[in-house]
Amino acid sequence: MDSSWLLLAPVVLLAVLLLARAAFRRKPTRRSTPAPRILIDGSNVMHWAGDGADLAVVRSVAWALTDHGYEVGVIFDANVGYKITDRYMNEATLAGVLGLKDEQIMVSPKGQPADGFLLQAARDMDAPVVTNDRFRDWQDDFPECAAPGRLIHGTWHDGAPQLRMSKGKPQT
């Protein structure tokens with residue numbers, strides 16, 4: 001038998017082992033199912049800290065939910081900027097402050113409360129809403145507000161959001 005095979009065998013074995021190790025180290029492929037969507041009532045959540053309106057509270061809630069795998073959207077009343085900076089703030093400005101993309105933010109048109117837009121978007125996306133509002137004035141048009149898990153309430157405690165989410169969903 002030719003002795004060159006004996007020299008080549010360890011090289012071939014090493015190559016096979018390296019290929020197998022590389023296959024196990026590959027990153028998993030991207031999920032085929034989209035991330036669950038969740039909406040934040042920005043005009044409500046920004047008051048959770050109790051010291052007036054604070055976008056840092058909204059940012060913390062949005063980031064916590066994003067870290068838990070949610071696709072987050074935030075909807076504000078048109079007066080949000082006046083409560084924060086005494087001037088109008090559009091989607092792009094709010095997105096920059098919140099560290100989100102422009103398309104994740106909506107500001108309702110002047111004179112129209114964000115509630116209707118928020119609840120319609122939640123219905124269209126079949127998404128829960130993070131808010132402490134109970135939307136009693138809207139329940140005739142949006143009876144799903146009363147469904148368990150549709151409205152997620154929360155508080156601000158020790159500088160972090162505390163969400164009361166339904167069974168099987170992460171606590172933030």
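**View 1. N132 lies in the loop that links β4 and β5.** Helices (H or I, at least four residues) and strands (E, at least two) are DSSP runs, numbered from the N terminus. This is a predicted model, in which local features need pLDDT of at least 70, side-chain atom pairs count only at pLDDT 80 or more, and totals for chains, interfaces and linings use all residues. Residues are numbered from 1 along each chain as its sequence is written, and side-chain values use heavy atoms, with hydrogens and water left out. With a relative accessibility of 32%, N132 counts as partly exposed; the scale runs from buried (under 20% relative accessible area) through partly exposed to exposed (over 50%), with a 1.4 Å probe and protein chains only. Setting aside neighbours within four places in sequence, N132 is in contact with N44, W48, H153 and G154, where contact means heavy atoms within 4.5 Å.

**View 2. E144 is a buried residue in the loop between β4 and β5.** E144 counts as buried because its relative accessibility is 18%. Once neighbours within four places in sequence are left aside, E144 is in contact with R123 and R150.

**View 3. Helices α3 and α5 pack at an angle of about 70°.** Helix α3 covers residues 55-67, helix α5 covers residues 91-98, and their axes are 9 Å apart. Axes here are lines fitted to C-alpha atoms, for helices over the stretch in contact, and angles run from 0 to 180 degrees between N-to-C directions. The two helices are therefore roughly perpendicular to each other; angles of 65 to 115 degrees get that name, those under 35 count as roughly parallel, those over 145 as roughly antiparallel, and the rest as oblique. On the α3 side you will find L55, V58, R59 and W63, which meet L94, V97 and L98 of α5. By type, the residues of this contact divide into six nonpolar, no polar and one charged. For that tally, Ala, Val, Leu, Ile, Met, Phe, Trp, Tyr, Cys and Pro count as nonpolar, Asp, Glu, Lys and Arg as charged, and the others, Gly among them, as polar.

**View 4. One face of α5 is lined by its buried residues.** The buried residues of α5 are L94, A95 and L98. Seen down the helix axis, they fall within an arc of 105°, so they line one face of α5; the arc is that of the directions from the helix axis to the C-beta atoms. Their packing partners are α3, β2 (71-76), α4 (80-84) and β3 (105-107).

**View 5. N90 caps the N-terminal end of α5, and G99 follows the helix.** At the cap, a side-chain oxygen of N90 lies 3.2 Å from the backbone nitrogen of A92. At G99, phi is positive, near 70°. G99 belongs to the loop between α5 and β3, and its relative accessible area of 49% makes this glycine partly exposed.

**View 6. M125 is in helix α6, and D126 is in the loop between α6 and β4.** Helix α6 spans residues 114-125. M125 is partly exposed, at 31% relative accessibility, and touches R37 and L39, not counting residues up to four places away in sequence. P36 is 89 residues from M125 along the chain, with 9.5 Å separating their C-alpha atoms. D126 is not a glycine, yet has a positive phi of about 50°; at 61% relative accessibility, D126 counts as exposed.

**View 7. D158 lies in the loop between β5 and β6.** The strands on either side are β5 (151-157) and β6 (160-164). Phi of D158 is near 50°, a positive value in a residue other than glycine. D158 counts as exposed, with 73% relative accessibility.

Definitions and conventions: Polar contact = N/O pair within 3.5 Å; in protein donor to acceptor, adjacent residues only side chain to side chain.
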